[in-house]
Amino acid sequence: MSMVSTQNPWIFTFGLLGNMVSFVVFLAPIPTFLRIFKKKSTEGFHSIPYIAAMFSAMLWLYYASHKPNTFLLITINSVGCFIETIYIVVYITFAPKKAKRFTLISLIMINFVGFGSIILITELCIKASYRVTVLGWICMVLAISVFAAPLSVMRLVIRTRSVEFMPFYLSFFLTLSAIMWLFYGLLLKDLYIVVPNILGFVLGVLQMLLYVIYKYFLAVHVRPNDELHRSDLEAVTPSKTTDFEVQQTQSPRARKGEKEHDQSIKCEQV
């Protein structure tokens, strides 16, 4: 089986560019883990994104091993598995007992039991002629679910009118990665690579547009006349209780007592 395309140099070009950009994306969590290492605590960070990323890389490795001209797909996902393993080891080392137990159970169930089951089923129950198709569908569904994950972050940006939790550079590199792998899949005529990266490209562009809009045009400015919904303000500003809210939480008897007190004060002033 040929691992590198010798017929179309553009396949190698876009695959190589995809490797370079994806490598940058894999390194994006380094500041988070340097912080964890420095403080010797996971500080509420979750391990599931790294377990899922490792599972995705393992699946794409298995898929690529059944396809020709996929050497560059194998290289980047091998690197991805290695980097995600380091992240998970660091997380387990400094996580509290409950988070550590959850991470280990998730790792065993997803990356060992889950991945092992896929290998056994495809190798023992699926004909060789259909194996690539089945693996392709599995990888495509997983990739789409991963690309759809930023929807929750986009919703948070719209609700809070703050781009604090959606760094522009990360959205940019994810979009660039989707473009590289989209062309790689098109040149390979591989539907299972093309489809999720179309979604990744569209969502990436939307994230960057949201960033520009809410960073430079609709940024939150807390003013007395601000028309933001109160729940949006609560998400980006310290919680404050207004006099109206205090009155709403008081009992009718307490409010009646306050009115009588105010009336007596007015009578004294007169």
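# A tour from a cysteine to a pocket

Select Cys125: it is exposed, with a relative accessible area of 60% (exposed means over 50%, buried under 20%, and partly exposed in between, using a 1.4 Å probe and protein chains only). The model you are looking at is predicted, so local features need pLDDT of at least 70, side-chain atom pairs count only at pLDDT 80 or more, and totals for chains, interfaces and linings use all residues. Residues are numbered from 1 along each chain as its sequence is written, and side-chain values use heavy atoms, leaving out hydrogens and water.

Next, click on Cys139. Is this residue buried or exposed? Cys139 is buried, with a relative accessible area of 1%. How many disulfides does the structure hold? There are zero (a disulfide is a pair of cysteine sulfur atoms within 2.5 Å).

**The whole chain**

Switch to a cartoon view. The chain has twelve helices and zero strands (both are DSSP runs numbered from the N terminus: helices are H or I with at least four residues, strands are E with at least two). Of its 270 residues, 34% count as buried. Among contacts (heavy atoms within 4.5 Å) between residues at least 6 apart in sequence, 75% join residues at least 24 apart.

**The annotated spans**

- Residues 12-36 are 88% helix and 0% strand, and their end C-alpha atoms lie 37 Å apart.
- Residues 168-187 are 100% helix and 0% strand, with 29 Å between the end C-alpha atoms.

**A buried threonine**

Select Thr103, which sits in helix H5 (residues 97-124). With a relative accessible area of 1%, Thr103 is buried. Which residues does Thr103 touch? Leaving aside residues up to four places away in sequence, Thr103 touches Ser47, Ile51, Ile88, Tyr91 and Ile92.

**Two loop residues**

Most residues other than glycine have a negative phi. With that in mind, go to Lys40, in the loop between H2 and H3. The phi of Lys40 is near 55°, a positive value in a residue other than glycine. Lys40 counts as partly exposed, at 48% relative accessibility.

Then move to Arg161, in the loop between H7 and H8. Arg161 is not a glycine either, yet its phi is positive, at about 55°. At 33% relative accessibility, Arg161 counts as partly exposed.

**The largest pocket**

For the last stop, show the largest pocket, which holds about 1,800 Å³ of space. On a 1 Å grid over the protein atoms alone, a pocket is an open set of points with protein on both sides within 12 Å along at least five of seven lines, and lining residues have an atom within 4 Å of a point. Grid points are joined across faces, edges and corners, and the volume is the space filled by probe spheres set on the points.

Of the 47 lining residues, Val25, Pro49, Val146, Leu170 and Leu174 are the closest to the centre of the pocket. Among the helices that give two or more residues to this lining are H1 (9-26), H6 (128-148) and H8 (168-188). Which helix gives the most? H3 does, with eight residues. The lining divides into 32 nonpolar, 14 polar and one charged residue (Ala, Val, Leu, Ile, Met, Phe, Trp, Tyr, Cys and Pro count as nonpolar, Asp, Glu, Lys and Arg as charged, and the others, Gly among them, as polar).

Conventions
1 Å grid on protein atoms, 1.4 Å probe; cavity = no way out; pocket = protein on both sides within 12 Å on 5 of 7 lines; lining within 4 Å.
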